[in-house]
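Subject: Handover of a structure and the findings on it

Dear colleague,

Please find the structure for your review below. The notes after it set out what was found.

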Amino acid sequence: MPLEEIRVRGVVQGVGFRPTVYRLAKVCGLKGDVCNDGEGVLIRVSGSEEEITEFVNKLYQECPPLAGIKELIRSPYLGEFDFDDFVISCSVHSVVKTEISPDAASCPQCQREIFDPFSRYFRYPFTNCTHCGPRLSIIRAIPYDRNNTSMVNFSMCKECEKEYQDVENRRFHAQPIACFVCGPRAWLERADGKPVISDMFSMLDDVDAVCTLLQKGEIVAIKGLGGFHLACDATLENAVLKLRNRKHRYHKPLALMARDINIISEYCYINDLEKELLTNSAAPIVLLNIKDHSKLASSIAAGQNTLGFMLPYTPLHHLILKRMKVPIVLTSGNISDEPQCIDNEDAKDKLSKIADYFLLHNRDIVNRVDDSVVRVIDNQIQTLRRARGYAPAPIILPPGFAKIPPILAMGSELKNTFCLLRESEAILSQHLGDLENAAAFNAYQETLNLYLNLFQHKPEIIAIDKHPEYLSSKLGKELAESNNIKLEEIQHHHAHIAACMAENQIPLKTKPILGIAFDGLGYGEDGTLWGGEFLLADYQNFQRLATFTPMAMIGGKQAIYQPWRNTYSQLINAFTWEELQKKYSDLEIIKFLEHKNPKLLNQIIEKGINSPLTSSVGRLFDAVAAAIGICREQCSYEGQAAIEMEAIADTNILNNDEESLNYSFNFEKSDNIYYIDTSPTWREILNDIKQQISPSEIAAKFPKSLAIAIVTMVKQLRQEHQFNQVALTGGVFQNQILFRQVKMRLEKLEINVLTHSIVPTNDGGLSLGQSVIAAAKYIKRSPTSEIKL
């Protein structure tokens with residue numbers, strides 16, 4: 001009988017893959033074994049050629065819900081073979097090439113069991129099986145076995161052991177299997193340290209008590225899957241304001257969780273794709289268009305036209321919300337801008353002045369994992385934050401990246417992720433936040449070390465952003481120098497474009513495309529801050545073809561959070577201050593700017609005092625928003641002004657094709673680079689304000705007009721350069737109006753438009769771009785490297 005070794009790579013550990021192999025091998029009459037090792041799953045079988053082929057086909061057809069076969073290689077087996085049946089063998093420790101499954105939301109079977117009085121899992125908040133439950137959040141090492149997770153502290157009872165060993169049971173080799181007898185437990189504590197008096201609640205247990213507390217207007221810190229959350233009743237304005245004030249999160253929208261789809265549908269419109277996203281195993285926060293938020297606290301998402309909803313994704317959440325007929329706020333358990341707390345004592349120390357109560361448990365969170373955020377635009381998924389449920393599932397690289405050394409890309413300063421690149425795939429970390437916060441930077445380093453150890457990744461190249469002050473770049477330089485590793489400095493916007501190319505499977509050996517990269521800012525090749533770029537790019541090189549006329553960022557970083565500074569800079573480029581006073585002195589924005597000492601501001605701009613030049617389209621949006629009265633004085637988070645301006649935009653304007661309703665832009669060329677000048681735009685905007693055109697009309701006219709200007713520039717560049725693909729990337733393209741208008745107009749020109757879906761268009765996708773550029777540069781230096789197309 002033929003003997004074969006079958007190597008399976010992909011997401012194949014901790015997802016019920018070996019039991020499936022066992023079951024199918026028995027059905028096909030095979031003998032042999034299956035085991036986990038560092039590369040994935042190894043199968044040794046004896047049987048006829050037909051039986052083995054049938055087995056392999058069934059393996060593809062009946063792959064478990066959370067598993068993913070990336071590669072299956074059959075080869076003759078030449079070693080010792082002493083099996084008279086098919087068995088599951090112990091894991092083998094070897095060089096790590098396998099993948100880690102993301103944490104998965106509770107499956108329907110586990111949900112039914114926790115509400116079934118006859119199940120031994122009735123109301124057990126840590127119920128799971130091979131189809132669901134913790135993965136990344138509890139793992140310390142590969143292979144994904146219980147002793148390599150934080151479940152090592154909990155010895156299985158006889159009943160759990162029985163299910164764990166029963167190949168017919170869906171908990172066969174479910175590493176986090178546990179029950180009330182042997183597993184983790186949850187308990188309630190008061191933030192002030194006083195004992196919880198259970199008689200004050202009508203409750204079944206401490207988890208159920210949380211529901212009663214929320215209904216009473218209390219704030220509860222809940223230890224969940226990948227970190228702590230802060231929760232309150234989303235319909236109680238006093239509770240929501242109390243949470244905002246205590247957390248120092250005054251304006252940023254708060255995430256919501258509801259018991260089921262029916263409750264969400266009372267507040268938001270939900271299409272089929274959005275429903276699928278809410279209910280799948282990733283269970284992200286989904287941004288939904290508001291139907292009715294009159295019953296919700298008004299401060300949940302002031303100035304927004306969307307709400308971020310998610311469904312319960314752990315048994316703990318399901319049990320808390322069982323009696324909750326309204327949504328709850330479920331926001332990150334942290335002090336504003338810091339990473340989520342994951343440790344009980346740390347949480348009690350940091351959150352005791354925010355929360356009234358703590359729901360704690362004793363299963364350690366090894367890896368902090370935030371909630372993912374997605375939305376649907378024109379029936380296409382757009383990922384805004386890639387974390388729980390998605391990370392660290394690998395991203396398959398395009399053709400041409402098969403023979404590359406291990407690479408580490410350090411990512412950006414804001415919305416950071418890092419990326420491990422190995423043959424044919426990229427492993428993008430979960431969202432790690434803004435590194436300018438010391439606690440977030442420490443968490444970034446801890447997570448980086450964990451990934452490097454988990455995947456036994458020893459980079460031969462480290463890729464960093466060119467910005468000299470990014471903490472991620474500084475750390476990358478230190479690691480490269482201390483370990484004698486080659487360093488690649490990657491331009492910010494080139495990385496954005498390369499990330500978009502990579503996720504769209506653009507081959508390594510391809511003609512340059514036009515990348516349009518708009519964002520807040522990135523360090524440019526000329527020492528200025530770029531952010532409105534048209535780059536002709538492939539993976540190795542780029543040429544800057546066009547940009548926006550640079551403007552002074554008055555006060556540097558202050559301009560991000562004080563939009564009026566950008567308005568002044570734009571206006572003083574289009575007018576003299578005397579002109580503004582003469583023509584528009586009656587306008588509110590001009591009266592406002594008069595009190596900001598224009599004479600001093602002009603001197604600051606002329607002398608370049610803490611006023612770096614930037615072509616940023618993000619700052620342009622801020623400037624327009626402030627001009628029409630949105631977040632004029634202050635923003636509490638980057639992009640707030642632009643987001644709130646988008647929310648009020650008049651849809652009638654967007655649907656009107658009359659050219660007279662659009663603002664004008666000038667196009668100039670200097671040193672072979674085109675510049676889009678906004679001077680005429682500002683004259684027309686001020687005239688509109690003077691004629692009392694509503695802010696909602698201006699909020700629609702501006703992005704529509706900008707889209708027309710962008711496409712006009714593309715037409716001009718297309719006459720001079722050969723390309724038929726355009727990538728839209730950078731955080732500004734999170735603006736749905738601009739994104740839709742540009743995409744629609746480019747497609748009318750029969751241009752293939754590349755956009756982001758699986759990685760964020762913002763800086764959360766930057767590390768992927770850095771890594772593939774570094775790989776491409778390596779391949780260019782190594783002409784003998786094999787390139788498979």
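**A residue in helix α24**

Arg740 counts as partly exposed, with a relative accessibility of 34%; buried means under 20% relative accessible area, exposed means over 50%, and partly exposed lies in between (1.4 Å probe, protein chains only). Arg740 belongs to helix α24, residues 736-748. Helices (H or I, at least four residues) and strands (E, at least two) are DSSP runs, numbered from the N terminus. Arg740 touches Ile377 and Asp378, when residues up to four places away in sequence are not counted; a contact means heavy atoms within 4.5 Å. The C-alpha atoms of Arg740 and Ala707 are separated by 8.9 Å, and these two residues are 33 apart along the chain.

**How to read the model**

This is a predicted model, in which local features need pLDDT of at least 70 and side-chain atom pairs count only at pLDDT 80 or more, while totals for chains, interfaces and linings use all residues. Residues are numbered from 1 along each chain as its sequence is written, and side-chain values use heavy atoms, with hydrogens and water left out.

**The chain as a whole**

The chain holds 25 helices and 30 strands. Its radius of gyration is 28 Å, close to the 28 Å that the globule rule gives for 789 residues, so the chain is as compact as a globular protein of that length. The radius is taken over C-alpha atoms, and the rule is 2.2 Å times the number of residues to the power 0.38. Along its principal axes, the C-alpha trace spans about 95 × 75 × 50 Å.

Of the 789 residues, 61% count as buried. Among the contacts with a separation of 6 or more, 73% are between residues 24 or more positions apart. The accessible surface of the chain comes to about 30,500 Å², and 48% of it belongs to carbon and sulfur atoms. Such areas come from the Shrake-Rupley method with a 1.4 Å probe; for residues, only the protein chains shown count as cover.

The chain carries 84 positive and 96 negative side chains, and the centres of the two sets lie 2 Å apart. Lys and Arg count as positive and Asp and Glu as negative, while His and the chain ends are not counted. The place of a charge is taken as NZ of Lys, CZ of Arg, CG of Asp or CD of Glu.

**A sheet of 10 strands**

Strands of a sheet pair through backbone hydrogen bonds, either parallel or antiparallel. Here, two strands pair if DSSP finds at least two bridges between them. An open sheet of 10 strands, with mixed pairing, has the order β6-β13-β7-β8-β12-β9-β11-β10-β14-β15. β6 (186-190) and β15 (380-385) stand at the edges with a single partner strand each, so one side of each is left without a neighbour in the sheet.

How many residues of strand β8 are buried? In β8 (residues 228-233), 6 of the 6 residues are buried, so this strand is largely enclosed by the rest of the structure. β8 pairs with strand β7 (residues 220-223) in the antiparallel sense over 4 bridges, and Lys223 stands opposite Phe228 in β8. β7 and β8 form a hairpin with 4 residues between them. β8 is also joined to strand β12 (residues 328-332) by 5 bridges, and these two strands run antiparallel. In that pair, Asp233 stands opposite Ile328 in β12.

Strand β10 (residues 285-289) pairs with strand β14 (residues 373-377) in the parallel sense over 3 bridges. β10 also pairs with strand β11 (residues 306-310), in the antiparallel sense over 4 bridges. Val286 stands opposite Val374 in β14 and opposite Phe309 in β11. Strand β9 (residues 256-257) and β11 run parallel and are joined by 2 bridges, with Met257 opposite Met310 in β11.

**Backbone details in the loops**

Most residues other than glycine have a negative phi, and most peptide bonds are trans. Asn379, in the loop between β14 and β15, has a positive phi near 65°. Asn379 is exposed, with a relative accessible area of 62%. Asp671 lies in the loop between β27 (666-670) and β28 (673-677). The phi of Asp671 is also positive, near 50°, and this residue counts as exposed at 71% relative accessibility.

Which residues does a cis peptide bond join? Ala391 and Pro392 are joined in this way, with omega about 5°. Pro392 is placed in the loop between β15 and β16 (395-396).
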